[in-house]
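Please examine the sequence and the structure below before reading on.

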Amino acid sequence: MRQKIITIILVLTIVGTLFYAASGRVATRYVDMSKLDAEVVAEPAPQNQNRTKPAERRMVDMIADDSYLIDKGDSTIFILVGNFAAHHNGAVILADSAVRYSNQSFECFGDVLINQNTTYVYGDRAEYNHNSGVATIYSDLVKVVDGDAVMYTYHCTFDTDREVGEFHGGCYVDKGESHMESERGYYNTKTHDLIAVDRV
């Protein structure tokens, strides 16, 4: 799997560079998951306060089996069909197909997988905003896997810039014989810390 992701990243980088050159457009309670029954705190310390963005935004590299353009009014919609893959902020997004609505955002459909570091997020559909680096994942039940820890939630957003996922509307975490539920929380893919809040 890791070798496949590395190959996809390399291909995306090459194709994205060619696409960019040709079009001139930018395609756009703490719980350590390794010790699930560790410390639980009442409220998280927000990590997104006063964060600074780099002066120059990186483009979103995209690739698919087939692609075509549709003119809609004064804008152009870019359709990518079959084995869609995108790379941005160190995260890889895979899906059956995608639609790029503008230089800042795209939506992907079918068997969506978002991977950053050792974390994998699975859903049916996702929206991604290039400017904020945030993916919103939609599914009847969103699944997040990191090692042998598995989390299920109803509403999930994932910030590829901060490398933090946010969930609400209920969450269930299973790690071996340890289990936890909470109403909402945050998950850091770098530190593997889960901040669980409300009805833990």
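**Salt bridges**

The structure is a predicted model. Its side chains form six salt bridges.

| Salt bridge | N to O distance |
|---|---|
| Glu 107 and Arg 125 | 2.4 Å |
| Lys 175 and Asp 148 | 3.3 Å |
| Asp 198 and Arg 184 | 2.9 Å |

Glu 107 and Arg 125 form a salt bridge in which the closest N and O atoms lie 2.4 Å apart. This pair connects distant parts of the chain, with Glu 107 in strand E6 and Arg 125 in strand E7 (residues 119-129), 18 residues apart. Glu 107 counts as buried because its relative accessibility is 11%, under the 20% limit for that class. Arg 125 has a relative accessibility of 25% and therefore counts as partly exposed.

Lys 175 and Asp 148 are also joined by a salt bridge, at 3.3 Å from N to O. Here too distant parts of the chain are linked: Lys 175 belongs to strand E11 (residues 164-175), whereas Asp 148 lies in the loop between strand E9 (142-146) and strand E10 (149-159), 27 residues apart. The relative accessibility of Lys 175 is 16%, so this residue counts as buried. Asp 148, at 53% relative accessibility, counts as exposed, because the exposed class begins over 50%.

Asp 198 is partly exposed, with a relative accessible area of 34%. Arg 184 is likewise partly exposed, with a relative accessible area of 26%.

**Negative surface patch**

Which residues gather in a patch of negative charge on the surface? They are Asp 96, Asp 111, Asp 124 and Asp 140. Of these, Asp 111 is found in strand E6, which spans residues 105-116. Asp 111 counts as exposed because its relative accessibility is 62%. Strand E6 also holds Glu 107, a residue that counts as buried at 11% relative accessibility.

Technical notes: Residues numbered from 1 in each chain as written. Predicted model: local features only at pLDDT ≥ 70, side-chain atom pairs only at ≥ 80, totals over all residues. Heavy atoms only, no water. Patch = residues over 30% accessible without salt bridge, like charges linked within 9 Å, V, L, I, M, F, W, Y side chains within 5 Å. Areas by Shrake-Rupley, 256 points an atom, 1.4 Å probe, with all protein chains shown as cover. Salt bridge = Lys/Arg side-chain N within 4 Å of Asp/Glu carboxyl O. Lys, Arg positive; Asp, Glu negative; His and termini not counted. Charge placed at Lys NZ, Arg CZ, Asp CG, Glu CD. Helix = DSSP H or I, 4+ residues; strand = E, 2+ residues; numbered from the N terminus. Buried < 20%, exposed > 50% of the residue type's maximum accessible area, 1.4 Å probe, protein only.
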